[in-house]
Amino acid sequence: MSQSQIAISAEGVERRFGDLRAVDGVSLEVKASEIYGFLGPNGAGKSTLTRILCTLLTPSAGRATVAGYDVASQPGEVRLRAGVALQEAALDDKQTGAEMLALQGRFYGLTAKATKARVDQLTKLVDIGSALDRRIGTYSGGMKRRLDLALALVHDPQVLFLDEPTTGLDPVSRAKVWQEVRRLNQELGMTVFLTTQYLEEADELADRVGIINKGKLVAEGTPAQLKRTIGTDVVIVTVTGDATDAGRALESLELVERVEVNGPTLTLSVIDGPSAISPIAVALAQVPDTQVMELSLRRPSLDDVFLSVTGEHITDPSAFMASASAAQNLQEPQ
Ligand SMILES: Nc1ncnc2c1ncn2[C@@H]1O[C@H](COP(=O)(O)OP(=O)(O)OP(=O)(O)O)[C@@H](O)[C@H]1O
Ligand SMILES: [Mg+2]
């Protein structure tokens, strides 16, 4: 890949806070015009790496470039080409949204006229109507997030960093942000590095996904590739009472690769879901004092990938629901 095709590169990037390695040797490359989804649980190191790439935090070791410029030695060049909407937006409550947008434009050296034209374009995205002329202190969380996204776009960056852009947004606003991210990517070729805890968001938007856990990149690929690495279908069984005995009975079945017991619920990794259902049902019928309440089959989802590489489900409850609905939409082989 030629240098100009690489929008973001990290080589062995580390960031320590005292003894803690918040980012622990991450290497990745994001191509120009790609949407890269950076997925991980709370405290995984997503925001820390994002801040390093945006020049807001220096790496303790390793090297990173954005738009071809080194984040440590050429931060000014990086800032001109990168837009960033951080997880905790740094907005001045005393200013109005319109004032902040204008200030941002001036900060990047745009003329008043250019800034006004840009702000007019962005108002559609901000979509907070007359509130743009109100003090930011009176905005809701969702309004602040949308304003922050608009601020990141004022100077028309080549690379856009979004740290959990839709956390706290209602479903309609979330869909709007997705649409805008897609538009920026497709129409302007903007490269997007997006951290998220929502599996559905990564699945929907990202060309490629990296999964970070405890500071380390533990998996990377297109959503379809990642799901294929799981290789198995998943059967979920809920029984009356405790499922330990049922779990033991199923462990010996040929098509069952792995059994996880969680209270009354069994999660089975199976080689061929449709063929495994009958033997599973037969085996369960023979377990004393155990009745099956529910049995379902689903194809691999990003949450299963997440479970396999981190040993736990992603913690966000709405992500669970999102992954369940995404799994339903992914019935066809990828
Ligand atoms: N300035 C700091 N000083 C000390 N520790 C920090 C600092 N910033 C982050 N950390 C720690 O580094 C680790 C990674 O934090 P980070 O904010 O990057 O996680 P995250 O993946 O963004 O999590 P979340 O999903 O909750 O936003 C955490 O253990 C956090 O407590
Ligand atoms: Mg974070």
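In helix α5, the buried residues are Met 143, Arg 145, Arg 146, Leu 147, Asp 148, Leu 149, Ala 150, Leu 151, Ala 152 and Leu 153. A residue is called buried if 20 or more other C-beta atoms lie within 10 Å of its own, exposed if 12 or fewer do, and partly exposed in between, with C-beta atoms placed from the backbone. The model is a predicted one, in which local features need pLDDT of at least 70 and side-chain atom pairs count only at pLDDT 80 or more, whereas totals for chains, interfaces and linings use all residues. Residues are numbered from 1 along each chain as its sequence is written, while chains are lettered from A and ligands numbered from 1 in the order in which they are written.

**Overall architecture**

- The chain contains 12 helices and 14 strands; helices (H or I, at least four residues) and strands (E, at least two) are DSSP runs numbered from the N terminus.
- The C-alpha trace spans about 75 × 45 × 40 Å along its principal axes.
- Of the 334 residues in the chain, 42% are buried.
- Among contacts with a separation of 6 or more, 68% join residues 24 or more positions apart; a contact requires C-beta atoms, placed from the backbone, within 7 Å of each other.
- The domain assignment gives domain 1 (6-227) and domain 2 (230-300), with bounds that come from an automatic or database assignment.
- The centres of domain 1 and domain 2, taken over C-alpha atoms, are separated by 41 Å.

**The shell around ligand 1**

- The shell holds 13 residues, of which Phe 17, Ala 22, Lys 46, Ser 47 and Thr 48 come nearest; a residue belongs to it if its C-beta atom, placed from the backbone, lies within 6 Å of the ligand.
- Two or more shell residues are given by each of β2 (20-31) and α1 (46-53).
- Helix α1 supplies the largest share, three residues.
- By type, the shell comprises four nonpolar, eight polar and one charged residue; Ala, Val, Leu, Ile, Met, Phe, Trp, Tyr, Cys and Pro count as nonpolar, Asp, Glu, Lys and Arg as charged, and the others, Gly among them, as polar.

**Helix α1 and Ser 47**

- Helix α1 is largely enclosed by the rest of the structure, because eight of its eight residues are buried.
- Those buried residues are Lys 46, Ser 47, Thr 48, Leu 49, Thr 50, Arg 51, Ile 52 and Leu 53.
- Ser 47 lies in helix α1 and is buried because 21 other C-beta atoms are within 10 Å.
- Beyond residues up to four places away in sequence, Ser 47 touches Gln 87, Asp 163 and Thr 195.
- Thr 55, which follows α1, has a positive phi near 70 degrees.

- Leu 53 is in contact with Ile 8, Ala 64, Val 66, Val 71, Phe 161 and Phe 193, leaving aside its neighbours within four places in sequence.
- Helix α5 is mostly covered, with 10 of its 13 residues buried.
- From first C-alpha to last, α5 reaches 19 Å, close to the 18 Å expected at 1.5 Å a residue; the expected span is 1.5 Å times one less than the number of residues.

Terms used: Contact = placed C-beta atoms within 7 Å.
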